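Hi there,

Here is the structure I promised to pass on to you. Please open it next to this email and follow along.

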Amino acid sequence: MIPGSRMLMVILLCQVLLGGTNHASLIPETGRKKVGELQAQAGSGRRSGQSHELLRGVEASLLQMFGLRRRPQPSKAAVVPAYMLDLYRLQSGEEEESLQDISLRYPERSTSRANTVRSFHHEEHLENLPGPSDAPRVRFLFNLSSVPENEVITSAELRLYREQLEARSPAWERGSHRINIYEVMKPPPARGQVITRLLDTRLVQHNVSRWESFDVSPAVLRWTQDKQPNHGLAVEVTPLPPAPGNHVRISRSLPQGDGDWAQLRPLLVTFSHDGRGHALTRRARRSAKHQRPRKNKKNCRRHALYVDFSDVGWNDWIVAPPGYQAFYCHGDCPFPLADHLNSTNHAIVQTLVNSVNASIPKACCVPTELSAISMLYLDEYDKVVLKNYQEMVVEGCGCR
């Protein structure tokens, strides 16, 4: 048995997404027909096998709109990196005081050409590569096969967490360190040197624990766009001045049972665009719009409609937001059309003709301005995704 509240919430969500302007519909025409049939069945109170099938069809249409091939079923081991949560908060205009990393800066340059951010933890296997004893290299492998073919990656960064060294450590160990990031060009040989290409480098100090970000775009673009083999990335930490011993302080060797390991593992972040809508743009905190009082409340105007993802049964894979105020348009478009009804010339003419010929329908109350929302979710492969979705919130209504 399908819970009535879940069915009705799916119907309401579809009404919001199907009600549009002159733009192309967000859901195919077949989806519109299914919604109409589902509404009729829900209204009559029938709960047949056909309604189950229709609900699945509607949910499939919505998932297709979100760019998902199937409904995500996150595993209990799935981890949401703190960086992705903080990036969502910055993108959505939430208070910066709530950020977990106070040093985080919104990546304006990376997001200027992207509407999607994806994060990847490295594969469990770690490998020490042969090299100088004073500068050990560790290879990390990242599986990017879940990136859709229609998505173009514009940039990528490798985020590494380095820990502050204790004051009692030897003076030479507490000096500067250089972190080098390489692309591994060929499979590591059993003996001899590994063929690598330097991607980025940074000189760091010992006196603070923090995340460091490195540009690895050239390697990731070769793997995804040029279809070159992915042999991973190598991280090399060199003390300055050089000193003997292993001085790698990147959080890579914590035991799996340690609670911090999941959040401190190296993280590969890609910025991409799927060709739909606008790029990510940091938004100011959304404030409630002031609506002028209407003389006639029956006329076309915006009404509140909060979509709660838990009511749709999607709160297990949508990390944030828990829901959003979608709004909807409803009301009369009476003759003559007033200026505040934001009407087109065609709507004015159609309403005029309707006043003398009832066979011609009145103009309809529809959204005339829509805005985007950002969603943070786990995809079908347990990868965390931040994506910008256009035309999700009704900002204005009018007669069209």
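First, some ground rules. This is a predicted model, in which local features need pLDDT of at least 70 and side-chain atom pairs count only at pLDDT 80 or more, while totals for chains, interfaces and linings use all residues. Residues are numbered from 1 along each chain as its sequence is written, and side-chain values use heavy atoms, with hydrogens and water left out.

Let's start with helix α6, residues 217-224. Helices (H or I, at least four residues) and strands (E, at least two) are DSSP runs, numbered from the N terminus. Six of the eight residues in α6 are buried, so the helix is largely enclosed by the rest of the structure. Buried means under 20% relative accessible area, exposed means over 50%, and partly exposed is in between (1.4 Å probe, protein chains only). The buried ones are Ser 217, Ala 219, Val 220, Arg 222, Trp 223 and Thr 224. They pack against several strands, including β4 (152-162) and β9 (267-273); contact here means heavy atoms within 4.5 Å.

Now for the aromatic rings. The whole structure holds six aromatic pairs. Rings of Phe, Tyr and Trp (its six-membered ring) pair if their centres lie within 6.5 Å; planes under 30 degrees apart count as stacked, over 60 as edge-to-face and the rest as tilted. Phe 66 and Tyr 389 make an edge-to-face pair, with 5.0 Å from centre to centre and 75 degrees between the planes. Because Phe 66 lies in the loop between α3 (49-65) and α4 (82-92) and Tyr 389 in strand β16, this pair ties together parts that are 323 residues apart in sequence. Phe 66 is buried, at 2% relative accessible area, and Tyr 389 is buried too, at 6%. Trp 317 and Tyr 377 have ring centres 5.8 Å apart and planes at 90 degrees, so they are also edge-to-face.

Cis peptide bonds join Ala 320 to Pro 321, with omega about 0 degrees, and Phe 335 to Pro 336, with omega about -10 degrees. Lys 227 is not a glycine, yet has a positive phi of about 60 degrees. Is Lys 227 buried or exposed? Lys 227 is exposed, with a relative accessible area of 54%, and sits in the loop between α6 and β8.

Happy exploring!
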